[in-house]
Amino acid sequence: MNLLSVENIAKAYGEHVLFSDISFGINKDQKIALIAKNGSGKTSILNILSGLDTPDSGQVNYRKGIRVSFLDQEPNLDPNLTIEETIFASDNEVLKVIRAYEHALENPEDADAYQTAFEGMERFQAWDFETQYKQILSKLNLNDIHLKVDILSGGQKKRLALANALINKPDLLVLDEPTNHLDLEMIEWLEEYFAKENMTLFMVTHDRYFLERVCNEIIELDEGIMYPYKGNYSYYLEKKENRIEQEATEQHKSKLLFKKELDWMRRQPKARTTKSKSRIDDFYEIKDKASKRRNENEVELEINMARMGSKILELHKISKSYPGKPILDKFEYNFLRGERLGIIGKNGSGKSTFLNILSGLDEPDSGKVVVGETIKFGYYTQKGIDIKEGQKVIDVIREFGDYIPLMKGRQISAQQLLERFLFDRKKQYDFVSKLSGGERKRLYLCTILIQNPNFLILDEPTNDLDIVTLNVLESFLMDFPGCLLVVSHDRYFMDKIVDHLFVFRGDAVIEDFPGNYSDFRSYEDSAVLESRAAKKENNTTSTDTDKSSKKKEDKKKLTFNEQKEYTNLEKEIKKLESKKEATQHKFTDSSLSGEQIDKLSIELKEIGAAIEAKTERWFELSALIE
């Protein structure tokens, strides 16, 4: 079922054309990602889809009655509302019923109001919905629902806007960088949530693991042309490579034909026949094809790194805390030459504070930071570049000099350096205020690297960068001979460039893990499984007498909601069993394509997981019945 159709839309700002004649559609249950270079108009497309902007030409047609929610990078929330009021301010009827029920619980003396609210919960089957929305708030660490929006951090506001979008369950959810401001645990939860929920998504994200595990279609905007790929990120990479190879082959043929036609043109007399004029027209078309080149500029980062001495960076019994919040407690560590360290942990666990202490922007409460004489920090912060009014891109770089030193005694001009960072000559004379978010981050990264650092500290460097720039940045960092310290929620990025991790557990607990993020996640998962197995074994070895006595102690009656859940679970399990049987029967159809078989296999797996989860809960509740 088609939810939205985009027909020949175009958008330009003055002479700068972002895109033109763009067309595509979004169908129910599709999970689509839009991929394009920074400055290509990704955010403009999202704004047009969500109704915040209009195209210069073309149109967007919505299916009648569908609800569209948009998660912006900078959410527009009412600062006067609390988190709870923001959630309930939507026009979702079920949320209004839940609000009335919670109000009735707070005022138990009004029996009539409670009865009315209870009946409303029954009528709208709102019990499960209530549980789900509270789980979403908990997973996104929005536990104090009475906090005012105006005192929330940027990350908290983004998470509140995300929670609002998820809770309202729109027909189409449009997302602009949904994983920004989320810690790794939240990202993995959101990934799992989107993968299992029947939601229609259209998103822009640079998180390649997220693209791989959530999306079932990729749309790439490349050189102003839309290319759809019916698969996840791995499929997209494979098919894009095939497309580029085919384009290269076709261009080679066009060049050979152009050379042949050019010889013919040079031999022709001035008088042209009608037939030759037609061939001349074809010649100019062939010329355009032959001269067309892919804009595959690469960020060549060969900055000359300052020499490093034997002493790098030493931390001696560093302590730091805020009221009621310890960050570091007599922490000690000596950095080695060429060390590649990643830092992970929940938001608020002290990662950025740690970086500020290392770089000298903050002081520890006690302890000593000893920096080697030859160490020169390059610190990329989340704050980004300071925009000065009227400043142009070229001016930002020229603040560091007209010429930049490279390796082996060579040098390049500020203009040449910017070209290597994908800023063409025309773009260099644009005002910085006109740049997209990703372009500003790329320019900021450029200003950090040209200062010739030998100890790079990168705090969320991947936010807002396009995938092309990310790939090149990764290549550079993998060859960077100095020390590297990275805080990032981009798991793909961390896996490629770090050798070990500092895991910030909170309450000043920091663990040094020898491996990348995927290694750490495997270790954590295996530890959880071992803990569960040990717990199960301990329970099994208990005596029958102990079991019996414990059973009597723990036995209790079900609450009303638990009784209702118990009854509903029996019905739901029965429905799922029927659905499983029907799905299994579909495999007998010999006309099924490979893609259809894969889709059915995934569906069958999801049904099996749902049956297992609900059956486990049914056993939990049945054990409580006397």
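Angles run from 0 to 180 degrees between N-to-C directions, and axes are lines fitted to C-alpha atoms, for helices over the stretch in contact. The model is a predicted one, in which local features need pLDDT of at least 70 and side-chain atom pairs count only at pLDDT 80 or more, while totals for chains, interfaces and linings use all residues. Residues are numbered from 1 along each chain as its sequence is written, and side-chain values use heavy atoms, with hydrogens and water left out.

Strand β19 (residues 500–506) pairs with β20 in the antiparallel sense over 5 bridges, and F502 has D512 in β20 as its bridge partner.

Another open sheet of 6 strands has the order β5-β6-β7-β3-β8-β9, again with mixed pairing. Its edges are β5 (68–71) and β9 (225–229), each with a single partner strand, so one side of each lacks a neighbour in the sheet. The twist from one strand to the next averages 15°. Strand β8 (residues 217–222) runs antiparallel to β9 and is joined to it by 5 bridges; among the paired residues, I218 has Y229 in β9 as its bridge partner.

A helix pair comes next. The axes of α3 (residues 93–106) and α4 (residues 111–123) come within 9 Å and cross at roughly 145°. Residues V97, I98, A100, Y101, A104 and L105 of α3 meet A113, Y114, A117, F118, G120 and M121 of α4. The residues of this contact divide into 11 nonpolar, 1 polar and no charged.

Of the 626 residues of the protein chain, 45% count as buried; buried means under 20% relative accessible area, exposed over 50% and partly exposed in between (1.4 Å probe, protein chains only). Helix α1 (residues 42–49) is mostly covered, with 7 of its 8 residues buried, and just after α1, G51 takes a positive phi of about 85°. In helix α14 sits Q428, which is buried, with a relative accessible area of 0%. Not counting residues up to four places away in sequence, Q428 touches K392, V393, I394, Q415, L418, E419 and F423. L422 lies in the loop between α13 (414–420) and α14 (425–428), and L422 counts as partly exposed because its relative accessibility is 21%. The C-alpha atoms of L422 and R442, 20 residues apart along the chain, are separated by 8.8 Å.

Overall, the protein chain holds 21 helices and 20 strands.

Methods: Helices (H or I, at least four residues) and strands (E, at least two) are DSSP runs, numbered from the N terminus. Contact means heavy atoms within 4.5 Å. Ala, Val, Leu, Ile, Met, Phe, Trp, Tyr, Cys and Pro count as nonpolar, Asp, Glu, Lys and Arg as charged, and the others, Gly among them, as polar. Two strands pair if DSSP finds at least two bridges between them.
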